[in-house]
Amino acid sequence: MVKVTLPDGKVLELQDGLTIGQAAGKIGARLARDAVAGKINGQAVDLNTPIKTDISLAIITANSPDGLEIIRHSCAHVMAEAICTIWPKAQLVYGPTVEDGFYYDIDLDEPIRPEDFGKIEKKMTEIAEKKLPFVRRELSREEAIKHVAGNKYKIDNINRAQGDTLSFYSHGQGFEDLCRGPHVPSTDRIGSFKVMSVAGAYWHGDPTQKMLQRIYGTAWRDKKELEEYLQMLEEAKKRDHRVIGKQLDLFSFHDEGPGFAFFHPKGMVIWNQITDFWRSVHKKYDYQEIKTPIILNQELWKLSGHWENYKENMYFTTVDEVEYAIKPMNCPGGCLVYRNKQHSYREFPMRVAELGLVHRHEASGVMHGLVRVRQFTQDDAHIFCVPEQIESEIVNVINLVFEIYSAFGFNDIHIELSTKPEKHIGSDEIWEVSTTALKNALESKKIEFQINEGDGAFYGPKIDFHISDCLKRTWQLGTIQLDFSMPQRFGLVYTDKDNTEKTPVMIHRAILGSFERFIGILIEHYGGNFPLWLAPEQMRVLTISEKTNDYAQKLRQMLKAEGFRCELDMSNEKVGAKIIKAHNDRLPYMLVVGPKEAETQSVNVRIRGTNESTGLETGRFIAAVKEKIVSKTQDLVI
RNA sequence: GCUGCUGUAGCUCAGUCGGUAGAGCGCGUCCUUGGUAAGGACGAGGUCAUGGGUUCAAAUCCCAUCAGCAGCUCCA
């Protein structure tokens, strides 16, 4: 008999030699049915692994994230077999799971096209329906190398794998692949799947290596989850900020400036609303604001270290035989401002913000609408302080971050703390002190965070903020980075209490990151349906016939005078057509006016997304809308 | 930057075998004065991304360049 300790602490006495699948059956029939794999002493293993000694055991079901990953990985194997059946010359390289699915890299000279996906899926379904068992075979390193002789990819995988024993998985019919496992018990357990896309990818991600074909697939627990996922992708496509930006006339791009966004009047309304809000909050948090030049002498960038590390991605220009660089970051300019006069510890913490326009020459293939551009405005700030102030300053920034994000409806925030990397500058002591300060700040706010060991910048540890949009997609926005390098390089000092000169701590921080990118994210988050305070056009007066043009014009003037962004549609169309146009333009409020409204000094309000309307005395409408703008609510109901 | 795909009217797109270009929406004018998801008529609008080549003839075939899209690599 062996003792099996379950996650809840219960101990099960079992006859030795039973598999963990059978053990699951002893715990419950339902658990046995849902089981896809198990965990022995924390290590994931197949269900048919026999229990030979006392262990702690957890059963992995399809409902857990681990279980889903095993389903996807198994599905990748089935897809690989399907592809190898259709294209016998295909050589398998590597097939991991990724977020929402998996891919398989394949070396095959003949291109696999989207038209082929149906064929692959059909083959996969056939394999699934046969309910073939996944079988694990273990070989010594030596045997394994012999076993895959002639296959350079598998030999390479073996050489990169850890341990002396290597495992292969087959699921009948002669198909086999090197794999750590575990896998689901049989091919009918690979969930609901779909072959999604194909793209080129280098072997090992190395551009000098052969380009392979990467086939992406997705797999979910059941058909419903797959459908939901596909629907989410459809929804994301509809919300594409590049499409909506064009539709709503917010911004454009031109060949004359690839990667440089042109903001149109309506896009600028959004931009300015965000800026106004951003400034008001920063004022509240005792920030000062500066503005530094875009073009600065190249020597400055050699001093800051940017030239050395990033010159490939910088823009340069020569004027009067002097070399200049277009700034890729704001901090060197900020340092010059700091160095412009003497500073005392009494001024600290000194919080200096800058909405700085930076240019970075991104590779041509990476640009993407507003989300990845070559010119953008950072909502930057640099905080100069003494080491003892780091913690309270971080708390201050965190409060600011939360206040700003929540105004846009981003309340699901994920935080990561990155610590000292191998290659770094600064003493271990200062790293220790400052990393602890970052940790303490997060802990004092009772915020959960993930630690990325060794992932910090070479010049200091950092905290990153990620938000989830309404489709649960995450975006990194904010960052707080301590910098031990820049103050030294620039010789920044302050006079301390003891009348000696010391080097201040410099904290870089951005909250929205890039205005351009943030607006892109907002467009997708709201699907173009901006809340009232951000909407480029908040309301539009629609006339029923030209008989009420006078009233409509007076009404519009009055609403404008109240500070609303209000336009007027007196075009020679029926109201129905005007309603459609207003809906397409994502107008929050449509104000229909005819003789009835003119007589009673009222408006007939139709709210975006509804097909009902209500008559309302104009004064009441104004009061209700004002309240909504001030509270920044997304709810439009009056 | 790399691989593959794409580039036709303001927008979305069609254009067969190589024979000098089309639709819908939008825009303009006129008719219509209509109460909540498209009233009607007429009209303007194109160096078919750019440059070269093949051909009697190129939007169409070939090459190069530029830009975009998907992915890879990258993102101080």
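In this predicted model, a phosphate oxygen of RNA strand B lies 3.3 Å from an N or O atom in the side chain of lysine 547.

| Residue of the protein | Partner atom in RNA strand B | Distance |
|---|---|---|
| Tyrosine 202 | sugar or linking oxygen | 2.2 Å |
| Aspartate 255 | sugar or linking oxygen | 3.0 Å |

Several elements give two or more residues to the surface near RNA strand B. The strands are β12 (192-202), β13 (211-220) and β32 (602-607). The helices are α8 (241-247), α11 (306-310), α18 (575-584) and α19 (595-600). Which element gives the most to this surface? Helix α18 does, with 5 residues.

## The RNA surroundings

In total, 47 residues surround RNA strand B. The closest are Tyr202, Ser364, Ile544, Asn572 and Asn604. Of the RNA atoms that come within 4 Å of the protein, sugar and phosphate account for 49%. The residues of the surface divide into 19 nonpolar, 15 polar and 13 charged.

## The chain as a whole

Chain A has 638 residues, and buried residues make up 51% of them. The chain holds 20 helices and 33 strands. Its C-alpha trace spans about 85 × 75 × 55 Å along the principal axes. Consider the contacts with a separation of 6 or more: residues 24 or more positions apart account for 68% of them.

## Strands and their partners

Strand β1 (residues 2-5) runs antiparallel to strand β2 (residues 11-14), and 4 bridges join the two. Valine 4 has leucine 12 in β2 as its bridge partner. The two strands form a hairpin, with 5 residues between them. Glycine 9 sits in the turn and has a positive phi of about 95 degrees.

Further along is an open sheet of 3 strands, in the order β17-β19-β18, with antiparallel pairing. Its edge strands are β17 (295-297) and β18 (315-319), and each pairs on one side only. From one strand to the next, the twist averages 40 degrees. Strand β17 meets β19 (residues 322-326) over 3 bridges, in the antiparallel sense. Here asparagine 297 stands opposite tyrosine 324.

Strand β22 (residues 413-418) is mostly covered, with 5 of its 6 residues buried. How does β22 pair with β24? The two are antiparallel, with 6 bridges, and β24 covers residues 462-468. β22 also pairs with β23 (residues 450-452), this time in the parallel sense and over 3 bridges. Glutamate 416 takes part in both pairings. It stands opposite aspartate 464 in β24, and its bridge partner in β23 is glutamine 450.

## A packed helix

Helix α6 covers residues 152-160. Its buried residues are Tyr153, Lys154, Asp156, Asn157 and Ile158. They pack against one helix, α5 (141-147), and against several strands: β6 (91-94), β8 (101-107), β10 (165-170), β11 (176-178) and β13. Strand β13 also gives two or more residues to the surface near RNA strand B. At the start of α6, a side-chain oxygen of asparagine 151 comes to within 3.0 Å of the backbone nitrogen of tyrosine 153.

Arginine 540 lies in strand β29 (residues 539-543). Is arginine 540 buried or exposed? It is buried, because its relative accessible area is 7% and the cut-off for buried is under 20%. Its side chain makes a polar contact with the side chain of aspartate 585, at 2.9 Å. Beyond its neighbours within four places in sequence, arginine 540 touches residues including Glu567, Leu568 and Asp569. Lys581, Ala582, Asp585, Leu587, Tyr589, Met590 and Leu591 are also in contact with arginine 540.

Proline 50 is in the loop between β4 (43-45) and β5 (55-61). The residue is partly exposed, with a relative accessible area of 35%. Leaving aside neighbours within four places in sequence, proline 50 is in contact with Gly17, Leu18 and Thr19. How far is proline 50 from arginine 346? In sequence they are 296 residues apart; in space they are 69 Å apart, C-alpha to C-alpha.

Methods:
Residues are numbered from 1 along each chain as its sequence is written. Chains are lettered from A and ligands numbered from 1 in the order in which they are written. This is a predicted model: local features need pLDDT of at least 70, side-chain atom pairs count only at pLDDT 80 or more; totals for chains, interfaces and linings use all residues. Side-chain values use heavy atoms; hydrogens and water are left out. Two strands pair if DSSP finds at least two bridges between them. Axes are lines fitted to C-alpha atoms, for helices over the stretch in contact, and angles run from 0 to 180 degrees between N-to-C directions. A residue is near a molecule or strand if one of its heavy atoms lies within 4 Å of it. A polar contact is a pair of N or O atoms within 3.5 Å; within protein, one must be able to donate a hydrogen and the other to accept it, and residues adjacent in sequence count only if both atoms are side-chain atoms. Ala, Val, Leu, Ile, Met, Phe, Trp, Tyr, Cys and Pro count as nonpolar, Asp, Glu, Lys and Arg as charged, and the others, Gly among them, as polar. Buried means under 20% relative accessible area, exposed over 50%, partly exposed in between (1.4 Å probe, protein chains only). Contact means heavy atoms within 4.5 Å.
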